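Visitor: Could you please show me how to read the features of a protein model, one at a time?

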Amino acid sequence: MSKQSIYGLTFDQLTEWLTSHGQKRFRADQVWNWLYKKRVANFSEMNNVNSETIDLLEEHFVLHTLEEDIRQESKDGTIKFLFKMADGNLIETVLMRFHYGLSVCVTTQVGCNIGCSFCASGLLRKNRDLTSAEIVEQIMNVQKHLDAQGKDERVSHIVVMGIGEPLDNFTNLMDFLYVVNDDKGLNIGARHITVSTSGLAHKIYEFADTDIQVNLAVSLHAPNNELRTSIMKINKAFPIEKLMKSIEYYLEKKNRRITYEYIMLRDVNDHKEEAVELAKLLHNHRHLAYVNLIPYNTVDEHIDYQRSESTSIQAFYETLKERGINCGVRWENGADIDAACGQLRSKQINKKKAI
Ligand code: SAH
Ligand code: SF4
């Protein structure tokens, strides 16, 4: 059996593992401190941990399973990493710089089965879920890259908006969230973490019942079923009424603002009538709603879709505002390095296929 990456274990899981292998509980504190605060590259560097524990860890765990394949840096400071996993699958991770801090966008699955018609990730069907370790390691690798620059920079925010549907990999997603949020480790505040879903209503109920206060973003992209189904086939299984019911439950339980993502696709969903309909749909929840208008990043394989004109985006924004809906436009980072969801990975895979 191949060894497991230690980054996949939450603090409680590691404590349990150590005690069930005859080690003292406090070893878990020491090991976590070395892993997440000092960020060592080898177990042998954990020099206040006794050799028996080190041997045991070396026997059962590894520290790294991801290997950097490509790193692209944009003029605006965005860095895109393509990582190769132990089984050869490629995943991508993006570091973005904002005035409020450094945010990392992580991948949760190899490919995506939801198959939204505008998305590069959906072009490649899901091959497998990422383990919690593979999701945590994306953050660790980016943080170690920053450490190596010697500027004392820290990943302060996380968006779970890379390739994959996070709520379709629920247990591993939750373990990942517990690891990165833990104040004994990376200590990234729950309010600085956002999970984006295409709207798996049954999983939104489950997510609402968890005890972690991370932000939720829902990819809505259309205000009615006909239009939404035409671009997101998942809407057949979870139409807007079902989705809104799960959102109501979430709001009741968490009382936290939800972000609604809305990709602006030219002449598809960007007319005034859709803005009016969207405002109506969100009217009852407007105090806990924020609409993020996302100018579409064109994808070579989806020639039918174009980015909306900036005048349409502005008009859509104003229509929402006039109706009391909080909203903003997300201008993208790293436009010169294929930073949109799934783009670098799909290009690399296509290149490899062509060879
Ligand atoms: N599967 C999840 C999370 C990953 S996608 C979800 O769909 O929410 C993260 C966001 O990027 C989603 O809102 C998605 O619709 C959006 N997105 C996908 N392709 C895009 C593109 N080409 N341009 C702009 N946004 C895109
Ligand atoms: Fe999957 Fe999200 Fe892309 Fe849809 S938008 S195909 S859910 S990654």
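**Reading the features**

Guide: E318 has a relative accessible area of 37% and is therefore partly exposed; buried means under 20%, exposed over 50%, and partly exposed in between, with a 1.4 Å probe and protein chains only. This is a predicted model, in which local features need pLDDT of at least 70 and side-chain atom pairs count only at pLDDT 80 or more, while totals for chains, interfaces and linings use all residues. Residues are numbered from 1 along each chain as its sequence is written, chains are lettered from A and ligands numbered from 1 in the order written, and side-chain values use heavy atoms, leaving out hydrogens and water.

Visitor: In which helix does E318 lie?

Guide: E318 belongs to helix α11, residues 310–322. Helices (H or I, at least four residues) and strands (E, at least two) are DSSP runs, numbered from the N terminus. E318 and A41 are 277 residues apart along the chain, and 51 Å separate their C-alpha atoms.

Visitor: Into which domains is the protein divided?

Guide: The bounds come from an automatic or database domain assignment. Domain 1 covers 4–62 and domain 2 covers 67–353. Taken over C-alpha atoms, their centres are 32 Å apart. The contact (heavy atoms within 4.5 Å) takes 14 residues from domain 1 and 17 residues from domain 2.

Visitor: How many residues has the largest nonpolar core?

Guide: A nonpolar core is a set of buried Ala, Val, Leu, Ile, Met, Phe, Trp, Tyr and Cys residues joined through side-chain atoms within 4.5 Å. The largest one here has 103 residues, and F118, F176, L177, F207, Y260 and V291 have the most contacts inside it. Helix α5 (residues 170–181) gives the most to this core, namely 7 residues. The core lies between domain 1 (4–62) and domain 2 (67–353), because both give residues to it. Leaving aside residues up to four places away in sequence, F176 touches V106, S132, I135, V136, I139, I158 and V160.

Visitor: Is T93 buried or exposed?

Guide: T93 counts as buried, because its relative accessibility is 0%. T93 is part of strand β5, residues 90–98. Its side chain makes a polar contact with the side chain of Q138 at 2.8 Å. Such a contact is a pair of N or O atoms within 3.5 Å; within protein, one must be able to donate a hydrogen and the other to accept it, and residues adjacent in sequence count only if both atoms are side-chain atoms.

Visitor: Which residues are closest to ligand 1?

Guide: Of the 18 residues that surround ligand 1, the closest are G164, S196, S219, H221 and N297; a residue is near if one of its heavy atoms lies within 4 Å. Strands β10 (193–197) and β12 (258–264) each supply at least two residues of this shell. A backbone N or O atom of G164 is 2.8 Å from a nitrogen atom of the ligand. An N or O atom in the side chain of S196 lies 2.6 Å from an oxygen atom of ligand 1, and for the side chain of H221 the distance to a ligand oxygen is 2.7 Å. The protein buries 94% of the 530 Å² that ligand 1 exposes when taken alone, by the Shrake-Rupley method with a 1.4 Å probe.

Visitor: What is the phi of H221 near?

Guide: Most residues other than glycine have a negative phi. H221 has a positive value near 65° and is found in the loop between β11 (215–219) and α7 (225–231). N255 also has a positive phi, near 50°, and is found in the loop between α9 (240–254) and β12. H221 is buried, because its relative accessible area is 3%, whereas N255 counts as exposed at 56%.
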